[in-house]
Amino acid sequence: MITVSGLSKKYNDKYVVSNVDALFPLGKVTSIIGPNGAGKSTLLSMVSRLTESDAGQVMIADKPLNQWDSASLAKRLSVLRQSNNINMRFTVRELVAFGRFPYSQGRLTKEDNNFIDRAMINLDITHLQDRYIDQLSGGQRQMAFIAMVVAQDTDYVFLDEPLNNLDIKHSVDIMKTLKKLAKKHHKAVVIVIHDINFASCYSDNIIAMKQGELIKSGTVSEVIQEQVLSEIYEIPFKVQEVEGKRISLYYS
């Protein structure tokens, strides 16, 4: 489990994340929701040590984040950033293979190739493995980057807006894959996501933020409530139960 206590970050004396507590348990999908500027990506970045916090503590498996060396941390925690730009020309398979670098240091073993194959199968991109990244659609590129993170095979999988550039079918496929990673492979999957209904249907827990502050966290039924969502997004919400799922309506 990852435990976050009092995590804060400020720029020019303004807090973008203020005193946030959170839990990211193994075997669960946790979604972080909130409007633009809520601090979602900054929170994810601090917990994954891509951004230094100004206050607070992150514990990974009962060990402070600042005590993990980079090599060991890369075998426990993987991150997909919101923007992924590659200047060199790689095939899809070469990109996915980067996920094995913490283990192989560039010298792929049979086991590494098995993880690469499995990740591409899970993301249904095996037929693209010999295509170059610059030949892919935006959605195909995103699937390849997610496969790279899956191939890293870490206990903790962080994804910042993984549904970017994906159509509905591929978004559903991704969320099903991430749910399977959590349930079948007992990983802690943490997602920054804008689509509230995807968060509701595929998450176990939700963290709701606004202007850097934690407004509500808990199970889907605890967070996906009309009053909570209306406060966060400042528009009226209706929440309906559809086949056991809490669906938000926010069209006026």
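How many bridges join β4 to strand β5 (residues 63-64)? Two bridges join them, and the strands run antiparallel. Two strands count as paired if DSSP finds at least two bridges between them. Helices (H or I, at least four residues) and strands (E, at least two) are DSSP runs, numbered from the N terminus.

This is a predicted model, in which local features need pLDDT of at least 70 and side-chain atom pairs count only at pLDDT 80 or more, while totals for chains, interfaces and linings use all residues. Residues are numbered from 1 along each chain as its sequence is written, and side-chain values use heavy atoms, with hydrogens and water left out.

**The chain as a whole**

The chain holds ten helices and twelve strands. Its C-alpha trace spans about 50 × 40 × 35 Å along the principal axes. A compact globule of 252 residues would have a radius of gyration near 18 Å, and the chain has 18 Å, which agrees. That radius is taken over C-alpha atoms, and the globule rule is 2.2 Å times the number of residues to the power 0.38.

Of the 252 residues, 47% are buried. Buried means under 20% relative accessible area, exposed over 50%, and partly exposed in between (1.4 Å probe, protein chains only). The chain exposes about 12,700 Å², of which carbon and sulfur atoms supply 46%. These areas come from the Shrake-Rupley method with a 1.4 Å probe; for residues, only the protein chains shown count as cover. Among contacts (heavy atoms within 4.5 Å) with a separation of 6 or more, 63% come from residues 24 or more positions apart.

The table lists two of them, each with one pair of facing residues.

| Strands | Bridges | Facing residues |
|---|---|---|
| β1 (residues 2-11) and β4 (residues 55-60) | five bridges | Ile2 and Ile60 |
| β1 and β2 (residues 14-24) | seven bridges | Thr3 and Leu23 |

Strand β4 also supplies Ala55 as the bridge partner of Ser8. On the β5 side, Met59 stands opposite Pro64. Strands β4 and β5 form a hairpin with two residues between them, and Ala61 in the turn has a positive phi of about 55°. The hairpin of β1 and β2 also has two residues between its strands; there Asn12 takes a positive phi near 50°.

**The six-stranded sheet**

An open sheet of six strands has the order β6-β7-β8-β3-β9-β10, with mixed pairing. Its edge strands, β6 (77-80) and β10 (213-219), each pair on one side only. The twist averages 15° from one strand to the next. Within the sheet, β3 (residues 29-33) and β9 (residues 205-210) pair in the parallel sense over four bridges. Ser31 stands opposite Ile206 in β9.

Helix α1 packs on this sheet, touching β3, β6, β7 (156-160), β8 (188-192) and β9, and its direction makes about 150° with that of β7. Helix α7 (residues 168-185) packs on the sheet as well, touching β3, β7 and β8, with its direction at about 150° to that of β8. Axes here are lines fitted to C-alpha atoms, for helices over the stretch in contact, and angles run from 0 to 180 degrees between N-to-C directions.

**Helix α1**

Helix α1 (residues 40-47) is mostly covered, with seven of its eight residues buried. The buried residues are Lys40, Thr42, Leu43, Leu44, Ser45, Met46 and Val47. Just after α1, Arg49 takes a positive phi of about 65°.
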